[in-house]
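This report covers the ligand site of one protein model, together with some points of its ring packing and backbone geometry.

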Amino acid sequence: MSRALYAGSFDPITRGHLNIIERASKLFDKLFVGVAVNPDKKHLFNIRERHQMTTDAIRDIGIENIDVVEIPGLLVDYCNQYDIQYFVRGLRVSTDFEYEMQMFKINRDLGNVETIFLPADPNQTHLSSSAVRQLAKFGHCLDTYVTKNVYSALQNKYSNSDSKSVIA
Ligand code: ADP
């Protein structure tokens, strides 16, 4: 049974991430979508919120054979623990490629997990969680960027907080 992990901060999950998830779910028997817990990174949404938003966004577009999980440590350790053979990564621009190649080499040194790169949809190469956060902060409509549940969560977040303190 082929099992793959697509991990990220998903702060928040965007339609770019969902495009990769949808395509990857067709390539493997089981796809784990891993919401990374990274204490060094300042997030807009906490781990519970990111987990819930990601679960709801995936349910909305009706993809089967997916589990959304939280990953507290190294991705490669998680893969070894749960018998996951593949990492899925999305590539938008050349800077993604440089970063991802570095991660690929480190992961290869640490474990026996193969990395599969999927190119971003050409219409979504500009799409990132940070761009979404910036736009939402100024109240812009984002339905081509995020699902409804994510947009509502962003609206709630920015109406309830001092927006200046939340962008990483
Ligand atoms: P990080 O973990 O650095 O915060 P993200 O959660 O945004 O990164 O992204 C996780 C993965 O999704 C990475 O492989 C990234 O390249 C990919 N990705 C992010 N945005 C897009 C997009 N618009 N299209 C395709 N892949 C994307």
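The model is a predicted one. Across the whole structure, a search finds three aromatic pairs. One of the aromatic pairs is formed by Phe28 and Tyr86; it is tilted, with 5.2 Å from centre to centre and 40° between the planes. Phe28 belongs to the loop between α1 and β2 (30-36) while Tyr86 belongs to strand β4, so the pair ties together parts that are 58 residues apart in sequence.

The ligand takes up the space of the largest pocket. Elements that contribute two or more residues to the shell around the ligand are β1 (3-8), α1 (15-25), β4 (86-91) and α4 (94-110). There are 17 residues around the ligand, and those that come nearest are Tyr6, Ser9, Gly90, Gln124 and Leu127. By residue class, the shell around the ligand holds six nonpolar, six polar and five charged residues.

| Residue | Protein atom | Distance to a ligand oxygen atom |
|---|---|---|
| Gly90 | backbone N or O atom | 2.6 Å |
| Glu100 | side-chain N or O atom | 3.3 Å |
| Arg89 | polar side-chain atom | 3.4 Å |

On its own, the ligand has 560 Å² of accessible area, and the protein covers 86% of that area.

Which residues does a cis peptide bond join? The bond lies between Asp11 and Pro12, with an omega of about 5°. Pro12 is placed in the loop between β1 and α1. Phe10 lies in the loop between β1 and α1 as well. Although Phe10 is not a glycine, its phi is positive, at about 50°.

Terms used: Residues are numbered from 1 along each chain as its sequence is written. This is a predicted model: local features need pLDDT of at least 70, side-chain atom pairs count only at pLDDT 80 or more; totals for chains, interfaces and linings use all residues. Side-chain values use heavy atoms; hydrogens and water are left out. A residue is near a molecule or strand if one of its heavy atoms lies within 4 Å of it. A polar contact is a pair of N or O atoms within 3.5 Å; within protein, one must be able to donate a hydrogen and the other to accept it, and residues adjacent in sequence count only if both atoms are side-chain atoms. Accessible areas come from the Shrake-Rupley method with a 1.4 Å probe; for residues, only the protein chains shown count as cover. On a 1 Å grid over the protein atoms alone, a cavity is a set of points where a 1.4 Å probe fits but cannot get out, and a pocket is an open set with protein on both sides within 12 Å along at least five of seven lines; lining residues have an atom within 4 Å of a point. A molecule sits in a cavity or pocket if more than half of its atoms lie within 2 Å of its grid points. Helices (H or I, at least four residues) and strands (E, at least two) are DSSP runs, numbered from the N terminus. Ala, Val, Leu, Ile, Met, Phe, Trp, Tyr, Cys and Pro count as nonpolar, Asp, Glu, Lys and Arg as charged, and the others, Gly among them, as polar. Rings of Phe, Tyr and Trp (its six-membered ring) pair if their centres lie within 6.5 Å; planes under 30 degrees apart count as stacked, over 60 as edge-to-face and the rest as tilted.
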